[in-house]
Amino acid sequence: MPLDSFNREINYLRISIIDNCNLRCVYCMPLQGLQFLPKPELLTAHEIERVVRAALDAGFKKFRLTGGEPTLRADLLEIVERLANLAGVHDLSLTTNAMLLPKLARPLRDAGLKRINVHLDSLDPATVERQMRWGSFERVWEGIMAAERAGLVPIKLNSVVAAGYNEADVVDLARLTLERNWHVRFIELMPLGGGECASLSIKRYVSNIETRRRIEAALGPLLELEACNVSDEARNYRLAHARGVIGFISPVSEPYCGTCNRMRLTADGKFHLCLLNDDELDVRKALRAGDADGGVGQVTRILSRAVRMKPTGHHLLEGRSTRERSMFQLGG
Ligand code: SAM
Ligand code: SF4
């Protein structure tokens with residue numbers, strides 16, 4: 001069992017497979033000045049598989065692919081297939097903006113993917129275009145429907161709430177749970193965007209206390225659900241007679257560092273120890289050193305060190321997060 005120095009069990013690896021994206025959400029990616037990793041710097045499908053083998057050896061249980069936008073990786077199906085076929089990988093999911101799911105949902109399911117989290121900030125097409133720039137509500141919705149038909153369930157929607165953009169749209173998003181067995185989760189903005197996006201996130205921050213109040217004023221009281229998993233970053237609720245769940249992810253107003261179970265792997269092969277701090281350990285060098293065991297033993301040792309060194313605490317309330325990396329380079 002991989003325990004860190006704060007006695008937290010670290011058993012969940014979030015794997016970023018690309019830093020590029022087909023959208024430019026206002027709080028995440030600036031429209032100009034971006035530079036993406038050249039292909040030779042990205043871990044290959046085979047290298048990602050070797051890291052996951054090492055993580056399984058170290059006791060990791062849960063894996064998620066993310067980005068940037070992971071569906072832009074031409075070898076995404078190969079990556080999913082390689083990981084899904086490893087003994088011990090029971091929980092493999094993907095975080096996506098769903099734009100490419102109309103054609104990818106079924107092949108992803110066939111490759112062994114279990115479920116997806118879709119990022120959608122509003123049900124209003126004009127707000128989606130303004131907030132998720134380059135995106136279209138119709139496309140994302142079509143992607144969600146394709147995912148549901150393909151059995152990538154339960155569907156979890158992630159919505160980042162930003163003042164002056166979608167703070168009133170949370171009611172319609174929450175209302176979806178009355179009829180659909182989905183999880184609709186509201187995420188507080190963090191100053192983790194690239195370029196000017198970080199300062200926008202500070203100015204546009206909306207506390208989940210306010211989001212919850214807004215939902216309850218329109219739809220009635222939310223009944224808290226018992227946590228099935230102590231490391232769930234969301235506090236979960238249900239509206240009376242609803243089929244689905246409403247979750248609040250509140251890293252700013254209600255930090256959950258004490259129950260964090262996550263380690264991150266960046267697309268260029270670094271273990272990033274905490275979303276909101278800069279500490280990293282390089283693993284790509286070991287993978288490319290060509291040891292007899294394909295580097296897996298060495299990778300397991302680096303991962304064990306990463307777990308031991310994992311920090312706790314953050315500086316979001318002072319408006320600070322990472323200096324070196326932005327959210328699209330970490331994957332959320
Ligand atoms: N492109 C995919 C997507 O949007 O779901 C995966 C990567 S994205 C970086 C992962 C998650 O990070 C998304 O749910 C997105 O809403 C969230 N996110 C991005 N920038 C954020 C910010 N500044 N604060 C809070 N969440 C953010
Ligand atoms: Fe792309 Fe996701 Fe960032 Fe939006 S939040 S710009 S979809 S990586």
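## A walk from Asn-7 through the fold

Asn-7 is found in the segment before β1, where strands (DSSP E runs of at least two residues) and helices (H or I runs of at least four) are numbered from the N terminus. This is a predicted model, so to speak of local features we need pLDDT of at least 70, and side-chain atom pairs count only at pLDDT 80 or more, while totals for chains, interfaces and linings use all residues. Residues are numbered from 1 along each chain as its sequence is written, chains are lettered from A and ligands numbered from 1 in the order in which they are written, and side-chain values use heavy atoms, with hydrogens and water left out.

Back to Asn-7. Its phi is near 70°, a positive value in a residue other than glycine. Asn-7 is exposed, with a relative accessible area of 61%; exposed means over 50%, buried under 20%, and partly exposed in between, using a 1.4 Å probe and protein chains only. Now look at Ala-98, another non-glycine residue with a positive phi of about 70°. Ala-98 sits in the loop between β3 (91-96) and α3, and with a relative accessible area of 0% Ala-98 is buried.

Val-153 and Pro-154 are joined by a cis peptide bond, with omega at about 0°. Pro-154 belongs to the loop between α5 (137-150) and β5 (156-161).

Next, the helices. Two packed helices are described by the angle between their axes and the distance between the axes. Here the axes are lines fitted to C-alpha atoms over the stretch in contact, and angles run from 0 to 180 degrees between N-to-C directions. Start with α1 and α2, which pack at an angle of about 25° with their axes 9 Å apart. That makes α1 and α2 roughly parallel to each other, since angles under 35 degrees count as roughly parallel, over 145 as roughly antiparallel, 65 to 115 as roughly perpendicular and the rest as oblique. On the α1 side, Ala-45, His-46, Ile-48, Glu-49 and Val-52 meet Glu-78, Ile-79, Arg-82 and Leu-83 of α2, contact meaning heavy atoms within 4.5 Å.

Carry on to α3. The axes of α2 (residues 76-84) and α3 (residues 101-111) come within 8 Å and cross at roughly 25°, so these two helices are also roughly parallel to each other. α2 passes α3 in a right-handed crossing as well.

Now for the loop between β1 and α1, which is where you'll find Val-26. Val-26 is buried, at 5% relative accessible area. Leaving aside residues up to four places away in sequence, Val-26 touches Arg-130, Gln-131, Arg-133, Tyr-165, Cys-197 and Leu-200. Val-26 and Ala-198 are 172 residues apart in sequence, yet 9.5 Å apart in space, C-alpha to C-alpha. Two of those contacts of Val-26, Arg-130 and Tyr-165, also pair up with each other: the charged end of Arg-130 sits over the ring of Tyr-165, 4.2 Å from its centre. The rule here is that NZ of Lys or CZ of Arg lies within 6 Å of the ring centre and within 35 degrees of the ring normal. Arg-180 does likewise over the face of Trp-182, at 4.9 Å from the ring centre.

Trp-182 leads us to the aromatics, as Phe-137, Trp-141 and Trp-182 form one aromatic cluster. Rings of Phe, Tyr and Trp (its six-membered ring) pair if their centres lie within 6.5 Å, with planes under 30 degrees apart called stacked, over 60 edge-to-face and the rest tilted. By this rule the count comes to five aromatic pairs. One of them is Phe-36 with Phe-328, edge-to-face at 6.4 Å centre to centre and 70° between the planes. Phe-36 lies in the loop between β1 (12-16) and α1 (45-58) and Phe-328 in the segment after α10 (296-309), so the pair ties together parts that are 292 residues apart in sequence. Phe-36 is partly exposed at 28% relative accessibility, whereas Phe-328 is buried at 5%.

How values were computed. Left-handed = near helix turned anticlockwise from the far one by under 90°.
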